[in-house]
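Let's take a walk through this structure together. Have the sequence and the 3D view open, and we'll go from one spot to the next.

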Amino acid sequence: MTLGTFAQQPSPPAGGAEIGQIAIAGLMFFAVFLPLALFVLRERAGHRTVVGRFADQVAEWTGLPRWAALPMGVAGLSGLSALVGVYWDVPIHMELGRDEGPLANPSHYPIYFGLMGIFASGVLSAGLAKGRLPARTFPIGPYWRVPMGSVQMMATGLVGVAGFPLDDVWHRLFGQDVTEWGPTHVLMIGGGIGVVIGLQLLLAEARQVGANGPLVRILGPVLAGAWMMGASAFLMEFDLGVPQFPMLAQVVLVGLIAGWTLLYGRLAWGPGGTLIVLAIFLASRLLFAVIPFAADLHVASLLPYVAEAVVIEVVVLVAGRAGVLRSAVLAGIGVGTAGLLGEWALSRWLSPDPWPAGQLGLFLLFGTAAAVAGCLIGAWQYQRVEDIATGPVERRPGGFRLRHAGGVVGALGAVALLSAVVVPQDPPAGLAADVTLTESANGLPVSNPHGGGQPRWVDATVRISDPELAESAIWLNGFSWQGGDFFSAPLVPLGEGRYRTAEPLPVYGAWKTGIRLHTANRMLALAPVYAPDDPAAGAPAIEAASGPRPFMSEIEFLQRERKSETPAVLWTVAYVTVGLIFAAMWLLFAWLYTAASVVPAGRVRTASAAANE
């Protein structure tokens, strides 16, 4: 057992960053974007630039146009950098709590520079937009038109970069929310990974103007794998064992992501396309594990989507002649049943919180609906990509309904499902745990001792006031985090509503320890056992002693840094603002793909004609 230091260490600040750190981050931003702005000005003025010459060379190597080749490489490397940082950052918060400041956390640097690189890749693509351009372009000025994919890349990159200053504003108003799914964190992650959708659109536009060859063809399923890699980042807290949202949200996300990305990869490549998607995803997860493993932090596990890939390969092979939309529906049903059954089996030994057999019917119901929605979105995206690549079709009255019905149904279904499963429910009044603590002679090894304090470990016997609720729980765990490590283990049933901890619990220093209970009605509750005094966050100490402990809404304990005194109207305005930004990003995705795939009547131009200009 690692004893650590006995002196209690002061809690780090719980609000926004110091002005000095904001200034440094601003200087880092301008150090990247001032040279980029000068490049754009010179390129648009018709001057030769070093970046432009390099872009021409990369275009010659790859067979892609200059406005696609180099920006794709920059976006790819930047996205990897940002995700390396995210998979490093979340375990740091699990084990060590909140930051001393944004620049004191080393994982923030690859995230910050990665997001700036993603935005820069869109600006780079727009600045290089000369020569052969797609039939439909976006006007930035009277003499400057850019591919639609460039716009998507800039927009999602801007959302990601904007998440950093918005995150600091959020902390100042509401305190720190140490969770991956915090609103501004969702903006950063969603904006960063959304660049892949822009790259898929940019690739389709490159094909329209004549790009072809083995590299161009394999980029279809490779980008689908990159999309799976990025979207799966939203599952990270489940993969690490500290989810702050209901398990049903994990099931819906797995079905949605698997259906969307795997079906797209299969349609884009043909037989075996799902294997390429999986190869990109699995290789990336090995990469993201390197730094946490080397730093002795928790490494995220994963559900590998293997069963879903097999299902989609078989369904598309058998039902391919039925049409893309029918194949999508059948594939979604297969993914949501046989595919998720495979994930349920794998979760028994891969997941920190396995999917319980008692909830399998509910999971398959929601998972199938999500998988069908994902497959419909993936099929719609593939159809629009092929329309763009082969040359936009003429817009016809009434054509919208036929061409986009599947995508609209899928998108509305995904929104409805996520809205239904994401928001946790509070525990019922009176639900409590009668906890008896006994001193433990032995503790557990602590990877990164943090917070000081006299080491004290206890075993707990717990009696739940509603035994039936506990018996049907999705999880009922002893839980400790942010004291230098992370521990979570199911309680051992003793009968008659009584349980005991399977591992000793730390109740000293910076540790936050409690009993977590999650039930099928989306209730997430926690009975606190110990927490330190946190003056910076205005959170009083919770002493470790035997006695009754009422269950509270889990978020009240896991996010003790949140400011309870902030007016409710300000919370509402902030959530609506962030939600509108995020929704606008997805609406832009739909509009750009739709606009790029059609032209007004009388203005049809084929891909071959565009390529010969």
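Leaving aside residues up to four places away in sequence, which residues does proline 139 touch? They are Trp144 and Arg145. Keep in mind that what you're looking at is a predicted model. Proline 139 sits in strand E1, which covers residues 137-141. If you now look for glycine 220, you'll find it 81 residues away from proline 139 in sequence, with 27 Å between the two C-alpha atoms.

Let's step back and see the whole thing. Two stretches call for some caution. Over residues 1-7 the pLDDT stays under 50, and the model gives that stretch 17 contacts beyond four places in sequence. Residues 605-613 also have a pLDDT below 50, with 18 contacts in the model beyond near neighbours in sequence.

Now for the overall build. The protein has 19 helices and 15 strands. Its C-alpha trace spans about 80 × 55 × 45 Å along the principal axes.

What about the outside? The accessible surface comes to about 24400 Å², and carbon and sulfur atoms account for 67% of that. As for charge, there are 36 positive and 41 negative side chains, and the centres of these two sets lie 16 Å apart.

Back to single residues, beginning with the backbone. Most residues other than glycine have a negative phi. Aspartate 296 has a positive one, near 60°. You'll find aspartate 296 in the loop that runs between helix H11 (273-294) and helix H12 (306-319). With a relative accessibility of 44%, aspartate 296 is partly exposed. Arginine 522 has a positive phi as well, near 75°. Its place is the loop between strand E11 (512-518) and strand E12 (524-530).

Follow the chain past H12 and you come to glycine 323, in the loop between H12 and helix H13 (324-350). Glycine 323 has a relative accessible area of 27%, so it is partly exposed. Methionine 188 is 135 residues from glycine 323 along the chain, and their C-alpha atoms are separated by 37 Å.

Valine 50 lies in helix H2, residues 50-62. Is valine 50 buried or exposed? It counts as exposed, because its relative accessibility is 62% and the cut-off for exposed is over 50%. Phenylalanine 39 is 11 residues from valine 50 in sequence, and the C-alpha to C-alpha distance is 8.8 Å.

The other stop is proline 467, in helix H16 (residues 467-471). This proline is partly exposed, with a relative accessible area of 32%. Between proline 467 and glutamine 482 there are 30 Å from C-alpha to C-alpha, while in sequence they are 15 residues apart.

Terms used
Residues numbered from 1 in each chain as written. Predicted model: local features only at pLDDT ≥ 70, side-chain atom pairs only at ≥ 80, totals over all residues. Heavy atoms only, no water. pLDDT = per-residue confidence, 0-100. Contact = heavy atoms within 4.5 Å. Helix = DSSP H or I, 4+ residues; strand = E, 2+ residues; numbered from the N terminus. Areas by Shrake-Rupley, 256 points an atom, 1.4 Å probe, with all protein chains shown as cover. Lys, Arg positive; Asp, Glu negative; His and termini not counted. Charge placed at Lys NZ, Arg CZ, Asp CG, Glu CD. Buried < 20%, exposed > 50% of the residue type's maximum accessible area, 1.4 Å probe, protein only.
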